[in-house]
Every structure is written in structure tokens, then in C-alpha cells.
Amino acid sequence: MFKILQKEEMAQGTVVSNIVDAPLIAAKAKPGQFVIIRANETGERIPLTMADTDPETGTINLIYQVVGKSTALFKTLKVGDYFQDICGPLGQPTHIEKLGKVICVGGGTGVAVLHPIAKGLKAAGNQVVGIIGARNKDLLILEEKMTKASHELRVCTDDGSYGHHGFVTDVLKEHLDSKDPIALIVAIGPVPMMKFTCKLTAGYGVKTMVSLNPIMVDGTGMCGACRVSVGGVTRFGCVDGPEFDGHLVNFDELIQRQRAYLEQEKRSLDHFHSCQCQV
Ligand SMILES: Cc1cc2nc3c(=O)[nH]c(=O)nc-3n(C[C@H](O)[C@H](O)[C@H](O)COP(=O)(O)OP(=O)(O)OC[C@H]3O[C@@H](n4cnc5c(N)ncnc54)[C@H](O)[C@@H]3O)c2cc1C
Ligand code: FES
């Protein structure tokens, strides 16, 4: 059992941040890794990236967008309540080394996944430029943390309510067009955002890593649910990833596979809202 020590609602309650007591995981986790979590004994197994870890306090920070039944159930848990189980750290850590100028691009809840990577890249001595975006100012998350994790941070909103009026790719293009060489781009967010970022950066030949979020079940390479095509080869998101070379990813196939259970997911959420049952 894993106790919830802090809870904060963000982005008008559509995103929740939990600090959870998990000393063994906090001691081992590295940027880019995730956990698989269940709210209760009959709960679905849900993968979530660790947005931060603190080995000294033995805590991990999970930040999730409330999109369906399981995340709606997580949101009902209060400070002092427990998650039934948390399995991790899982997945390959981000390969962090000193490269030079690195641009970290995040969209929506993807900023939570991006944050520990930007922090790690900065600590390794890279010049980190952060570019984060959201649909509007109220939905933007982790601006303060990303400011600390970057040497320079640009914020974008689709509706122009804050920062640059437009997409993260607009600001990224300004950097790509400048003479300053870019060693690496890390792009994490909704799949269409990652797809269009990679399309842009491919034209400039700048290596671009993305963190994929295929549907996962066991998270240990046994079920095959998380299959993704990378460079024409089938890879497992959970054990080979979640990070891959974005220029090789078949994003259209990923989008199609993510939508495989939309009808069942809608039915499950409707049932949860109608009876507030925990199963
Ligand atoms: C490695 C990894 C890390 C992730 N990290 C985060 C994170 O830090 N914060 C965050 O908000 N989200 C994260 N996600 C996505 C998160 O797991 C899904 O939003 C969550 O599973 C939705 O469950 P639900 O029951 O609330 O919604 P549902 O209504 O069941 O599903 C909504 C959508 O979420 C996706 N999804 C559903 N079940 C799963 C599953 N078992 N595995 C993966 N995706 C699923 C599908 O695309 C689905 O259409 C991550 C996913 C992966 C694979
Ligand atoms: S989630 Fe089962 S193999 Fe990756």
C-alpha cells in the first residue's frame, strides 16, 4: 500500500498531482521511467511517469490527466488514502549526457513527463531551452518547475491567452532557423504534437526523441499490448521504451492502436459516474 502525502489539482481540476510515499521506488528511479499503479484490488493497471522523485524523503510525484474511469477513480483519493500497489521503476531511463544545446518541448500533461528529463539534462551540463504549451493559460502546468529546469523557457497557448499565441512548433522553428547548433530535441505531449514536431525537425536533421504512451497492461514485456513500430521494426513501449527516435516512429499506427477500446472506455466511465462504484 502506498500512502498519498499531498494532493494538488491543476489545470482547472483536469490534472491531479500526488506526492506518494514510495521509498524503494524513489531510491532507484531515473528520469524517463514510469510506474504501473492500481487504485484498489480490482483496479485497472495504469502506467504513469514519475514527474519527480525525492530519494531523501522517499517520495515520488505522479501527475495525471483525468481522462477516463481509472484516472477519475484516482482523483477521488484524498491525502492519507492509499494506492493499492505501485510497480516500478519500469522502462528504460532517458540517456542523459552532455551534448550542448538541447530543446525540451512539452505539450499538455506531457510537460509532467518532460520535467525530470529537462532537469536531468540541465544537471548534466547542457544548455536547456524549454518550450511548453497548452490550449489556454488555465490548462498550462509546471511553468515554475520548468523555469528552474531550463536556462530559457518559452510558453505557448493555442488561444494566445498567455505567452506566444500559437503552437510549440512555431517557437521551435525559430530556434531551428537560428544559426545556433542544436544537439538534441526531446518532444513529449499528445501524439499529434509529437508527430508534427518530428515532421518539422526531420527537415533540419536534428535528432528528436519522443516518449510514447501506447496502451500497456503488464509493463514488463510479456503481453505485447504496447507494440509500436519504430523504423519498421516492432518494439515494446514498456521495455524497449518509452523513449524512441521520433523520426522512426509510425505515429499513425500508434494513434490507431490507442483508440482500440474507445467504446469500452466510454461505457466504463459512464458506469463509474452513474454509480460511483470503485470496481
Ligand atoms: C509509459 C506511459 C507513461 C504515462 N504517463 C502518464 C503521465 O505521467 N500522466 C498522464 O496523465 N498520463 C500518462 N500516461 C497515459 C495514462 O496511462 C492514461 O491516460 C491512462 O491509462 C488512462 O486511463 P483511464 O482509465 O483514466 O482512461 P480510459 O478511458 O481507460 O482511457 C483513455 C485513453 O488513455 C489511454 N489508455 C487507457 N488505458 C491505458 C493503459 N492501460 N495504458 C496506457 N494508456 C492507456 C488510451 O489511449 C485511452 O484511449 C502514460 C502512458 C504510458 C504508456
Ligand atoms: S505492456 Fe505488456 S508487453 Fe509492454
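**Domains, helix packing and backbone features of a predicted model**

Ala11 is placed in the loop between strand E1 (2–10) and strand E2 (15–21); strands (E, at least two residues) and helices (H or I, at least four) are DSSP runs, numbered from the N terminus. The model is predicted, so local features need pLDDT of at least 70 and side-chain atom pairs count only at pLDDT 80 or more, while totals for chains, interfaces and linings use all residues. Residues are numbered from 1 along each chain as its sequence is written, and side-chain values use heavy atoms, with hydrogens and water left out.

Ala11 has a phi near 45°, a positive value in a residue other than glycine. Two cis peptide bonds are described next. One joins Gly88 and Pro89, with omega about 0°, and Pro89 is part of strand E7 (residues 85–90). Another runs from Gly241 to Pro242, with omega near 15°. Pro242 belongs to the loop between strand E15 (233–236) and strand E16 (243–245).

The chain is assigned domain 1 (2–90) and domain 2 (101–258), with bounds that come from an automatic or database domain assignment. Taken over C-alpha atoms, the centres of domain 1 and domain 2 are 21 Å apart. Their contact (heavy atoms within 4.5 Å) takes 20 residues from domain 1 and 20 residues from domain 2. The size of an interface is often given as the accessible area lost when the parts come together. Here domain 1 and domain 2 bury about 1,600 Å² between them, and 61% of this lies on carbon and sulfur atoms; buried area is the accessible area (1.4 Å probe) lost by two parts on being put together, summed over both. Between domain 1 and domain 2 there are 2 salt bridges, each defined as a side-chain nitrogen of Lys or Arg within 4 Å of a carboxyl oxygen of Asp or Glu. The side chains of Lys145 and Asp52 form a salt bridge (3.2 Å, N to O).

Helix H2 (residues 69–76) packs against helix H8 (residues 262–275) at an angle of about 30°, with axes 8 Å apart. Axes are lines fitted to C-alpha atoms, for helices over the stretch in contact, and angles run from 0 to 180 degrees between N-to-C directions. H2 is therefore roughly parallel to H8 (angles under 35 degrees count as roughly parallel, over 145 as roughly antiparallel, 65 to 115 as roughly perpendicular and the rest as oblique). Lys69, Ala72, Leu73 and Thr76 of H2 meet Ser268, Leu269 and Phe272 of H8.

The axes of helix H6 (residues 191–202) and helix H7 (residues 251–258) come within 10 Å and cross at roughly 175°, which means that H6 is roughly antiparallel to H7. Val191, Met194, Lys195 and Cys198 of H6 make the contact with Phe251, Asp252, Leu254, Ile255 and Gln258 of H7.

Conventions. Chains are lettered from A and ligands numbered from 1 in the order in which they are written.
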